[in-house]
Amino acid sequence: MRINTGAFIGALLLASTASFAMPSIQHWQTTNGVNVYFVATKGLPILDARVVFDAGSVRDGEKAGVAALTGALLELGAAGKSAQDIAEQLESVGAQMDTSTSRDFTSISFRSLTDVKALETSWGVLKQVVNEPDFPKADFKREKKRTLLAITQREESPGILAQLALYKEIFNGHAYGNAIRGVESTVSQLAVSDLEHFYKQYYVANNLKIVLVGGLSTAQAKNMVEGLVGKLPLGIKAKTITTVEAVQTGKTIHQEHPSQQTHMLYGLPVLKHNDSDYFALYVGNHILGGGGFSSQIVKEIREKRGLAYSAYSYFHPMVEKGPFLIGLQTRNKKVEEAAATVKQMLKSFIEHGPTTDELIAAKKNIIGGFALKLDSNKKLLGHVASIAASNAPLDYLNTYMAKVKAVTREQIADAFQRRIKIDSMVMVTVGQTVRSKK
Amino acid sequence: MKKLSAVIIFLTGLYALSSFASPKVSPNIVHEKVLKNGLKILVKEDRRAPVMVSQLWYKVGASYEHGGITGLSHVLEHMMFQGTHGTLPGEFSKIIAENGGRENAFTGADYTAYFQVMEASRLEVSLKLEADRMQNLKFQQKEFAKELQVVMEERRMRTEDKPQGQTYEYFKALAYTNSPYRNPIIGWMQDLEDMELADLADWYKRWYSPNNATLVVVGDVNAKNVFVLAEQYFGGIPTVNFKPVKNRTEVPQVGIRRAVVKQKAKVPYLLMGYKVPVLNSVEDDADIYALEVLSGILSGGSSARLASRLVRGSQVATSASAGYDMNARLPTLFLFDAVPVKGTTVKSLENALLEQLKLLKEHPVEKKELDRIKAQVIASSVYEKDSNFYQAMQLGMLNTVGVGWQKGEAYVEKVKAITAEQIQAVASRYLIEDHLTVVHMQVEEMQGAH
C-alpha cells in the first residue's frame, strides 16, 4: 500500500515537472546595492513589479501608525505632482499602483503594459513616487482623518477585534503587537514631519528590494531598475527587529461584542522566515487545519459538527517570530464546544502527529498542486517577493517539492512538540456571552 | 470598473476573486461544442502553464427562487459536496485534493458554479466527479441538518454581524418590488430555518441537468480531447425537460424610495441605486455600454470623479464608489455606496453624490477623462489573460446569464465607441429621481462593546 502510493506520488511529480519549466530567478544588485530579483516571462506584454522597503509598522516606535500613513501618502503627491496628476498619468495608460504596509514591510505593487508609451509613463510615475514624495499637508490631514475613521470602524468587526486582541497579547510589549494603522491616541498626534522623517530614515537603498516579473529582457530590466532607484541614498540599514519572546503563560481573553457569532482565535508566536522546522510544520499544518476540506479542523468543526462556515489554522512566518493560529467563528452559544474541540484536536495532534495516510494525502495535494502556485505572473511575483523578503535561497522553488516529499510523520510530531507549547497559547473570544441554562 | 452588484458567495472562505473587475476581449479562440443531451462546452487553450481550470455552470441561482424558498440554490450548492450514490460525503473533495487540486463553488443571483483547478492532465478526474454529482446526488438528512447550520453560520458572518451587509439586504428589498433580485442570495434566516431536505431534492431534480449547464475548461488542454472526455462522462446523462423560469419583470418604479436602517455600528453608510436596463433586457445595447463607461467615469480608479471630487476634493466622503453589472440576467440597479467623513451627515453626502450626477447630465465628460477609462479597459483586457480562472469565469457567466460569451469578445470595441454625448444622455435618461432608492444606515449605540 505504501509503496503503491509512493509510486503514485512519483508519477504525479513527473507529470507536474515534465512539461514545466521552473522559473529562473535572476538576481543582481544596482550600483547602490539594491537587491533585484527578476523572472522573464513570455506570452503577455505585462510587467508586474513590487518595490519592498524594510519599513513596516514594526518600525513605528512610539508613533504607532506612522509607517502605514507614510506608505499611503507616497502616491498622493510627488515631484510637485498632485494625487490627481499621479492617478491620471497612471490610469491614462491603464497602469495600476497600490501601496500596502504589513508589520514587516511597506510594498508598492505595480502593473503596466510593456509597450513603450505605457511603460515610460507609468515607470516614470513610480520613480517619482519612490524618490520624491512630497507629503502634501492637505493630503496628510485628510488621510489622517480617514485613518482615524477606519480605526473607529474596526470596532464594528468582531473578527478584527479578535485579531488585534490576540496580537496584543502574544506579542506583549513587542512592536508586532500593535495595530498596523495604529490607534486613535497615536495617529491623532502624528504630524507631516513624522512621515518625512520616517521616509528619510527607512526609504533608502539599504532597506530596499525589488522584484520584477514579466515580458522584459534582462538588459531592459537592469536599465529600468537602475533608473528607478539608482539615485536613492544608501542610508542606514534598519536595525534587526527585537526578538519576539515566548509567551510565559497562556491565557483566555474575552471581549463582549453585540454580535450573533463569537470569533475565536487561539495562537502563539512561532516561526521566522527560513526556519529549519518550516517544512515539517507546514505539511503538518496542512493536515491539521491548512488543507481546506481534507484538514482535521474543517472535518471536525464544519463537516461533522456544523459549528462554523470557516475554520482553519496557519503558520505565518515573519522576519521575527510570526504567529501560529487557529481560528473560527460560531454562534455565541456554541463557542465553548468549538473552543474545547479545537484545543483537544491540537493537543492530540501534537501528541500523536498525523497518520501515515494523512501524510500521504497531504503530500499528494501539495506536490500535485505545485504548478498551480506559479501559473500566472501575479502569483509568481508573490512567490518571488516572499523569497526576496525572507532571504530564502534562489532555488527555493526548485527544491520545494523535494523538501515536502522528505517530511516524515516523526518530524512533524517532533516539530509540533518542540514549537507549539499549549500552555503558552492565548485564546481570544469576541462575541456575546450566553448565560448558561443552569 | 468595480462591480458592487456582482455579489457571489463561495462554498468556503478560501477564495478571493482578486481580479473580478471588468469583462474582457481576447484573441484566444474559444472552442464550442454542444452534446446531444444539451450540455454546452467552451474551451480556451492557454499553454502558459501546465494547469487547467474546469468550471461547471448551472443556470440556477437566487433569482430563480421565490418567497419562502430563498437560499435554496446556495444550500444545494453546499449539499453537492455531501456525497452521491457512489461517493461518500466529503469524498469528492478528498479525491480532488489527492490529485493536487483546489476546488470550490459559488452561488450568485443568476448562476451556481463548481470548479476545480488542477495540473492539466487531471482534467478527467474532475469531469468524472462532476458528471457523477450532476445526476446521482444523495440527499441525506444527517448531512443536510449539519450543512444547514454551516450556512446559517455563513449568514451570521456575512450579514447579521456586518452592518453594511445587513443594510444592503434591506436596501435591495426596498428597491425591488417584484423582481427576484430583492431576495438575498444566501436566503432569509426564516427561510433557512424552514428549509427541508425534500425542497433541495426537488430543486436539484428541476435544474441540474446537462441541458441546463455549461462546462468551461481553460488552460493547457486540447479542445478536442476535452470534447471527447466530456462526451465520455456527460454524454449518457439524459436531458431533463423543465419549465423555463417565470419572467417576474420588475414593475416600473414611480417615485423615489427612502428608508433608514439602524445598525449597531460606529460609522454611518449610504446606499443609493437607480433602476437601469442590462444587456439582456434591451435590443440596442449602446445605452448599456454608455452606462458601463459612466460607472468608470465616476469610479474607475483613483483619478475618477468620486475619489477625486468627494474623497480628495470636497472631502465629504471617506470612501465612495459606483457599480453597475451590465451582465445581470435581469434589469438591475446602478449602485452607489459611500461612507461620510466624521462630522458629515449621510444626507450631505447624498446631496454631494446627486450634485455629481447633475453635472453629468448638464455637461459632457471631458475627452481625456473618457480616454482614461478606455485605456484602463484596454489594459484590463490584457491583464485578465494572466488568469485562466478569470477567463473561464467570463465565458461561463456570460453564457449562463443568457448574454452569450461572444459579447465578451466585443466588449473593448463597444466601450471604445462610446461618446461623451452618449454618457450625458444615459445619465439624463436613467439616473432620475423617480427610479432612485436611498438608504441611510444610522448608527446605534453598540452596547456590550468595550
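Tutor: Let us begin with two centres. In this predicted model, the C-alpha centres of domain 1 and domain 2 of chain B lie 27 Å apart.

Student: What makes these two domains, and where does each run in chain B?

Tutor: The bounds come from a domain assignment. For chain B it gives domain 1 as 9–234 and domain 2 as 257–444.

Student: How many residues does each domain bring to the contact?

Tutor: Domain 1 of chain B brings 37 residues, and domain 2 of chain B brings 40 residues. Residues count as in contact because their C-beta atoms lie within 7 Å.

Student: Which element gives the most to the side of domain 1 that touches domain 2 in chain B?

Tutor: Helix 5 of chain B, with nine residues. That helix spans 163–175. Among the other elements giving two or more residues are strand 3 (40–45) and strand 7 (213–219) of chain B.

Student: How does that side of domain 1 divide into nonpolar, polar and charged residues?

Tutor: It has 20 nonpolar, eleven polar and six charged residues.

Student: And how many residues do chain A and chain B give to their contact?

Tutor: Chain A gives 62 residues and chain B gives 61. The chain A side has 21 nonpolar, 26 polar and 15 charged residues.

Student: How do you know what confidence the predictor has in chain B?

Tutor: pLDDT runs from 0 to 100. Chain B averages 93, and 93% of its residues score at least 70. Residues 1–6 of chain B stay under 50. Over residues 14–26 of chain B, pLDDT is also below 50.

Conventions
Residues are numbered from 1 along each chain as its sequence is written. Chains are lettered from A and ligands numbered from 1 in the order in which they are written. This is a predicted model: local features need pLDDT of at least 70, side-chain atom pairs count only at pLDDT 80 or more; totals for chains, interfaces and linings use all residues. Two residues are in contact if their C-beta atoms, placed from the backbone, lie within 7 Å. Ala, Val, Leu, Ile, Met, Phe, Trp, Tyr, Cys and Pro count as nonpolar, Asp, Glu, Lys and Arg as charged, and the others, Gly among them, as polar. Helices (H or I, at least four residues) and strands (E, at least two) are DSSP runs, numbered from the N terminus.
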